[in-house]
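Morning, everyone. I have one structure to walk you through today. Please take a look before I start.

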Amino acid sequence: MEYQDFLNAVALRAKVSTDQAATLTRVTLETLAGRISAGQAENLAYQLPAGLDDCLRQPLRREHATSSFGLEEFVQRVADRPDVDRALAGAGVGAVLTTLREAVTRDQFDDTVAQLPKDFWQVIEPVGAGGGRHPHS
């Protein structure tokens, strides 16, 4: 998936402009990088287009140990960033994670989600017929 295609998909899902989608994508991926292992963040980064891969390799990510927190705190951390419209954070997180699932291999996405609490599935859109699976459907 190309960079602009990723942003367009996020914009469409979150019902925001592509500029807002770019900000939501960057902040969500940076927050995700702080939530999953460094190795998994690097594996995801390899599969993302230039411009998105660096979000998972931020120096900020390396300074803090991976911490455990659920969906609510994840969305709050995204919303707390000064460049994010707080009202869009929840929809943005779901749009980015759903688009991420489409942008990387199923194995990489499954490995990533395995490091997150099950409540994250609440914001990831179910896969259409013929696609992957949604454990709560």
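Beyond its neighbours up to four places away in sequence, Leu48 touches Phe6, Leu29, Asp53, Leu56, Leu100, Ala103 and Val104. Keep in mind that this is a predicted model.

Leu48 leads us to the core. The largest nonpolar core has 41 residues. Which of them touch the most other members? They are Phe6, Leu29, Leu32, Leu48, Leu56 and Leu100. The largest share comes from α6, with seven residues.

Next, helix α2. It has 16 residues. From first C-alpha to last, α2 reaches 22 Å, close to the 22 Å expected. Its buried residues include Leu24, Val27, Leu29 and Leu32.

Now look at Thr112, in helix α7. Is Thr112 buried or exposed? Its relative accessible area is 2%, and buried means under 20%, so Thr112 is buried. Setting aside neighbours within four places in sequence, Thr112 contacts Leu32, Ile36, Gln40 and Leu44.

For contrast, find Lys15, in the loop between α1 and α2. Lys15 is exposed, at 72% relative accessibility. Its phi is positive, about 60°, although Lys15 is not a glycine.

On to charges. Side chains of opposite charge can pair when their charged atoms come close. The count here is ten salt bridges. Arg13 sits in helix α1 and Glu102 in helix α6, 89 residues apart. Arg13 also forms a salt bridge with Glu125, with the closest N and O atoms 3.2 Å apart. Glu125 lies in the segment after α7, so this pair ties together parts that are 112 residues apart in sequence. Arg13 is partly exposed, at 22%. Glu125 is partly exposed too, at 34%.

Arg26 and Glu30 meet at 3.8 Å, N to O. Both are in α2, four residues apart, about one turn. Residues three or four places apart in an α-helix point the same way, because there are 3.6 residues a turn. Arg26 and Glu30 also belong to a salt-bridge network with Arg81 and Asp83.

Last, confidence. The chain averages a pLDDT of 87. Over residues 129-137 the pLDDT is below 50.

Terms used
Residues are numbered from 1 along each chain as its sequence is written. This is a predicted model: local features need pLDDT of at least 70, side-chain atom pairs count only at pLDDT 80 or more; totals for chains, interfaces and linings use all residues. Side-chain values use heavy atoms; hydrogens and water are left out. A nonpolar core is a set of buried Ala, Val, Leu, Ile, Met, Phe, Trp, Tyr and Cys residues joined through side-chain atoms within 4.5 Å. Buried means under 20% relative accessible area, exposed over 50%, partly exposed in between (1.4 Å probe, protein chains only). Helices (H or I, at least four residues) and strands (E, at least two) are DSSP runs, numbered from the N terminus. Contact means heavy atoms within 4.5 Å. pLDDT is the predictor's confidence in each residue, from 0 to 100. The expected span of a helix is 1.5 Å times one less than its number of residues. A salt bridge is a side-chain nitrogen of Lys or Arg within 4 Å of a carboxyl oxygen of Asp or Glu.
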